[in-house]
Amino acid sequence: MEQLAILVEQNREALLARWRNMVRALPSARNLSIPTLNDHVPALLDEIALAFRRNSDESIAEVLADGTPPEHGLQRLHNGYLIEEVVAEYNLLRGCIHDLASTHQINLQGKPFHVINLVFDSAIGLAVQTFSVNRALEVQRRREEYLSFIAHDLRTPLNAVALASKVLEATLGAQSADPRAARMIKVLQRNVQSMSGLVAKVIEENDNMKTESGVKLERRNIDLWPLVESMVYDLNPVAGTGSTRLLNEVPEELVIYADANLLRRMMQNLIANAITHTPQGEVVIGAAPTADGDGIECWVSDNGIGISKDRMDLIFEKFETETKEQGGLGLGLAIFKTFVEAHEGSFDVTSEPGKGARFSFILPNRNERR
């Protein structure tokens, strides 16, 4: 194993050069500069050498948990890669290392073979999950923006139709003896008013609903289980890329008093972070009434890589993130904090590095609202 570690370190530049030549065949990689194409791969080779030296599954898992694949997945999203190309470039590097070992007559059977596959399979899972989660969130953001643009554009013709109906009413009201014309104008006006109300609602829900204290709310009673189930359904394909299971353990009869749009975004941010930091394992979404009956507690727990103690007090700060976790604990948790506080609620997080994290929040019931 030590011999393999030395071999990878000594042939680092040759491995990179051979890997780049092969990756250039991928459509998204053809025009990338060498630094952009390399991205985190030099650091990954160092991680592979370190994994060979540690030579135990537990130690290798520690190397991977502190590694660079999540950052790489996010960078490849910015580079315009397809998800298949992200997987392909890792497998090409795996092949380069196999060829290097064969050239030096080193047998990769047994433990070395297990280590290489563990490193690459886990790296692929981390990178692809970060890539997929952020692409899904970006698609949703663009759809919301597009819907908002359409709503704004609809206002102009609706206003024109409303104005034309008033002109018709004023012009025909005194001249027409046919009562059907007056009725048709009234029907037209009612429908224009209804459509204008729907457009206004869309604009309101898609705009930055910010007030001096934070966020404008429209609270109502919401059946929580279907809301969570729809998110699990949408995100299961994303989680499945890294063998992560999403479990909805919310009681089917539970009702929560909240702004539906903001509640969805709160839960989505927590679930997305959990998926990002749990390449293989479980993400559990649960909820229950508080012990005093004054509110509903919701939580998202995972058995992923966890959060280091020195970051626990920082993760809810705006733009607070680590370079290696650009797809995760950053702006999303700052938004989550803002939305919880707008509901006059409270939140908490517990974590143990290497064993996972649990994010929770409590929203007051309707009769507790101040």
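The model is predicted: local features need pLDDT of at least 70, side-chain atom pairs count only at pLDDT 80 or more, and totals for chains, interfaces and linings use all residues. Residues are numbered from 1 along each chain as its sequence is written, and side-chain values use heavy atoms, with hydrogens and water left out.

**Cavities**

Rolling a probe the size of a water molecule over the atoms shows where empty space is left. A cavity is a set of points, on a 1 Å grid over the protein atoms alone, where a 1.4 Å probe fits but cannot get out; lining residues have an atom within 4 Å of a point. Points are joined across faces, edges and corners, and a volume is the space filled by probe spheres set on them. Two cavities of 30 Å³ or more are found.

| Cavity | Volume | Lining by class |
|---|---|---|
| Largest | About 100 Å³ | Seven nonpolar, three polar, one charged |

The largest cavity has 11 lining residues. Asn273, His277, Asp302, Ala357 and Phe359 lie nearest its centre. Helix 11 (260-276), strand 5 (295-302) and strand 7 (356-364) each give two or more residues to this lining. Helix 11 gives the most, with three. Helices (H or I, at least four residues) and strands (E, at least two) are DSSP runs, numbered from the N terminus.

The second largest cavity is lined by Trp19, Val41, Leu44, His72, Glu89, Tyr90 and Leu93. Helix 4 (41-54) and helix 7 (83-103) each supply two or more of its lining residues. Helix 7 has the largest share, three residues.

**Helix 6**

His72 also belongs to helix 6 (residues 69-78), where it is buried, as are Pro69, Pro70, Gly73, Leu74 and Arg76. Buried means under 20% relative accessible area, exposed over 50%, and partly exposed in between (1.4 Å probe, protein chains only). Just after helix 6, Gly80 takes a positive phi of about 85°.

**Surface patch**

Tyr146, Ile150 and Leu154 form a nonpolar surface patch with about 290 Å² of accessible area together. Patch residues have over 30% relative accessible area and no salt bridge; nonpolar side chains are joined within 5 Å, like charges within 9 Å. A salt bridge puts a side-chain nitrogen of Lys or Arg within 4 Å of a carboxyl oxygen of Asp or Glu. Areas come from the Shrake-Rupley method with a 1.4 Å probe. Tyr146 sits in helix 8 (residues 111-175). Tyr146 is exposed, at a relative accessible area of 56%.

Conventions:
On a 1 Å grid over the protein atoms alone, a cavity is a set of points where a 1.4 Å probe fits but cannot get out, and a pocket is an open set with protein on both sides within 12 Å along at least five of seven lines; lining residues have an atom within 4 Å of a point. Ala, Val, Leu, Ile, Met, Phe, Trp, Tyr, Cys and Pro count as nonpolar, Asp, Glu, Lys and Arg as charged, and the others, Gly among them, as polar.
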